[in-house]
Amino acid sequence: MKSLKTIFFWIFLFGLLATLSGSAFPEQVAPQQGSKKLPRAYEGAPPLIPHDAEARKGVCLACHEFGIAGAPIVPHPTRNHFCLQCHVGQDLSVKAFPAVSSQEEKRPE
Amino acid sequence: MKLSRRELLKTLAGAGAAIVSSSGAILPGSVGQAQAAEPAAEAWKKSPCRFCGVGCGVLVGLREGRVVAVRGDAEAPVNRGLLCIKGYSLPKILYGPDRYKVPLLRQGNKFVQISWSQALDIMASKFKEAIQQHGPESVAAYFSGQTTIFEGYAINKLMKAGIGSNNIESNARLCMASAVTGFYSTFGMDEPMGCYDDFELTDTFFVWGSNFAEMHPILYSRMVERKHQDSNVKIVSLQTYLNRSTDEPADIVAIFKPHTDLAIANAMAHVIVKEGLINEAFIQQHVTFKKGLTEIGYGVEDNFEYGGALETSWKTYKPFADKAQAISFEEYKKFLETYTPEYAEKLSGVPADTIRRIARLLGDPKRKAISCWTMGFNQHVRGTWINNLVYNLHLLTGKIAEPGNSPLSLTGQPSACGTTREVGVLSHALPGGMFVANPEHRKKTAHIWNVPVEKISPRPGYHTMEMFRALDRGDIKVIWINTTNPFQTLPHVSRYRKGARKGGERFVVVSEVYPSETARHADLILPSAMWVEKEGMFGNTERRTQHWFKMVDPPGEAKDDLWQIVELAKRLDLGHLFAYGEEPLQKAIFEEYRQFGQGSGKDLAPYDVYAKVRGGLRWPVVEGKETRWRYREGFDPYVKKGEGVRFYGQPDGRAVIWARPYEPPAEQPDKQYPFWLTTGRVLEHWHTGTITRRVLELHRAVPFAPVWISSEDAGALGIKTGDSVRVQSRRGEIVTKAQIGGRNTVPKGVVFVPFFDENVLINLVTLDAYDPISKQPDYKKCAVRIEKA
């Protein structure tokens, strides 16, 4: 049962990576080893996800359980089932909010 | 198993550096070498998280007068060392570049800097003028479920005992009012009987219309851990669309059409009764049956009254009150006959067999059961009813008020329970679960407040929706909005935004930390301190009261809200309300507030105990001991020996099973507006995003609010993910990008838009219908049309 599940994950993952590599989101293709690390907010803050997390939900462990393709291995094996509650993806093209600091009245509806 | 896990967590949380080095050791060149943006902390102090109602304990890392880090507190029983990404982002919420640092007064379309004494003088003179010319009902205060206990108590006392106006509300009206009326009507007393310990003690979870994987992440992770420890554990997730709370490891997922939870819950009761899964002895000893009024309307009219208002003046207006009528068990059974699983299937789309399976799981005498819900139930034009209906299921089976058996109403905000509900920061309430309309309650309150009893008005003030309608009509002249953002969050918000800026004698004061939609509609903006920039206390979902001390200074001239309240009081010649002598103000306020709870079942520990204890205590705290399960002998000190179970909130000690029918919602899709719109939140952003969007990591994780649309509907309309889409209702429209799939998958005919994004102001579209019993609006359903923009 377990092995079937693992096989399914792999098939799904490869399908996904193939799909994503042709997607409209250049920031969010497959991670390359060592190249995509993002700085943490502070020491002890959870690492950020340098690849698309939404489309790969539910398959984190396919790479991160054993470190496939250079993926960091999860250091907290008892907490492997709700990754996205601490680790979030990043769209690096997005600038800080608010873009322009405005205290003025906004457009009327 | 549990011990070793705890130990591991302690080790992990005990040293952030250990995580880094261990992962680094496993995989050199990986996450371990990421740079730290802030220097390491010099000192750590305890505080609850300032976000959701779960109430996680955090350790706040301090260095040179700044918050530089947080850790989940391994000693905190709620989260045992873990936090969600919002919690981990706490250090950064304080340091956005556009924090308000000085008071600002509107001049035309601009704001100009003024001094605190000018600001407070202007504010006080506006209050005085309105009170003198139009009476105390012409002023209002609108606070928050994020207001601390001290602040909530002070503003409540200032308004009700000083100014003599009951126009004091909390934004918690928008998120938990139906939970409160549900508790009162069923148990005669507010707040859950169980606690989070039930998550490890139960074996069956029922999650109703709540994406708590995103909104209460730490509790969700406790459920998932439980599931992974014990394969016998079953999770049933009933939702209106697929989301993270329907993902693995949910065992049964039921997607129902919005609003039909009423029919499903009654159908479950139908199956439980028909198949003999009831607990006959429990029902005989501890339950009565009642029915209430039906066809109660939707509150969309100003001054809404049951059966239609003849008189539109609020002075003669009688807010809706339900009328209970006792019925027999036989009559209740007769009521249930309509609600066959097949009937519920017709309304809800959930197969009758699935409803049977879910009901049998809940009824299985060998299983324990807990039910969890939040906004799906509470933001519901029949919110009180659906709260009643889920209690029915637990009362019929006797699965209540004991370890592992509990209905648990989850709370959205960190102190919606501790402040709004327990301190009574609502237009009809008084501290300690009392009501302004009750002469005995006014007497007790006046005694503790040391004011003449005539000072406290017996008339409930405006509830939130009517308060902002009154501002629009001009009946309210001056309003103080604090720690909340109604001009983004009120449903049908265009009316209330315009109302605020209609001029005349209206004057809107907003205490804020960052520019928000509400601050932009203000006449006067007061810069506030937030979280550990002040001392505070919060009370979470499971009756847990937690305390923190001030740790850092607020920026610029920003001041904490308690100071603002007391300074206003002084200028209104009401400073005596807060003249406590030498004692620190916070401690004095809490010790006075504590008198309301003593001996009433809501006993709180002394201030000094909360100041010390890590992770807080669950009330009633009697003789130094907290209470985990209420209404049960051996756990609750208020249940006498030999009583077994006693629902002592009700005069006869019996909880009520309510016959509450299915009634349609205020608005349903039709030819012109063929889609359901449902609104809500995302994990990464807190409510209107005012603070979380200023954290770069959170903003980059979810930079804007898309509209989730089903692939079938998108296909039919020629819409792809990323296309601009117009979402339009009878009230207004927004344009945003389409999202097909991802974390949510909506069924055909439903669209979902989160409300955090001020540039995608979805509340221009929503409907301001509310539950007449709770006065809480329904953000989960209105009719819209969709087109490519």
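## A strand with two partners

In this predicted model, B:Lys290 stands opposite B:Trp658, a residue of strand 23 of chain B. Look to strand 12 of chain B and you will find another bridge partner of B:Lys290, namely B:Ala326.

Now for the strands themselves. Strand 11 (residues 287–291) of chain B pairs with strand 23 (residues 655–659) of chain B in the parallel sense, over five bridges. With strand 12 (residues 325–327) of chain B, strand 11 runs antiparallel, and three bridges join the two. Is strand 11 of chain B largely enclosed or open? Four of its five residues are buried, so the rest of the structure largely encloses this strand.

## A helix with a buried face

Next, find helix 5 (residues 116–134) of chain B. At 1.5 Å a residue, its 19 residues should span 27 Å, and this agrees with its end C-alpha atoms, which are 27 Å apart.

Which residues of helix 5 of chain B are buried? They are B:Ala119, B:Leu120, B:Met123, B:Lys126, B:Phe127 and B:Ala130. An α-helix has 3.6 residues a turn, so residues three or four places apart point the same way. On the other side of helix 5 of chain B, B:Ser117, B:Gln132 and B:Gln133 are exposed.

The buried residues of helix 5 pack against several elements of chain B, including strand 4 (104–107), strand 6 (139–143) and helix 24 (561–571). After helix 5 of chain B comes B:Gly135, with a positive phi near 90°.

Chain B is divided into domain 1 (2–93), domain 2 (177–413) and domain 3 (675–788). Eight residues of domain 1 of chain B are in contact with eleven residues of domain 2 of chain B. On the domain 1 side, the touching residues divide into six nonpolar, two polar and no charged.

Key
Residues numbered from 1 in each chain as written. Chains lettered and ligands numbered in written order. Predicted model: local features only at pLDDT ≥ 70, side-chain atom pairs only at ≥ 80, totals over all residues. Buried ≥ 20, exposed ≤ 12 C-beta atoms within 10 Å, placed from the backbone. Pairing = 2+ DSSP bridges. Domains from an automatic or database assignment. Contact = placed C-beta atoms within 7 Å. Nonpolar A, V, L, I, M, F, W, Y, C, P; charged D, E, K, R; others polar. Expected span 1.5 Å × (residues − 1).
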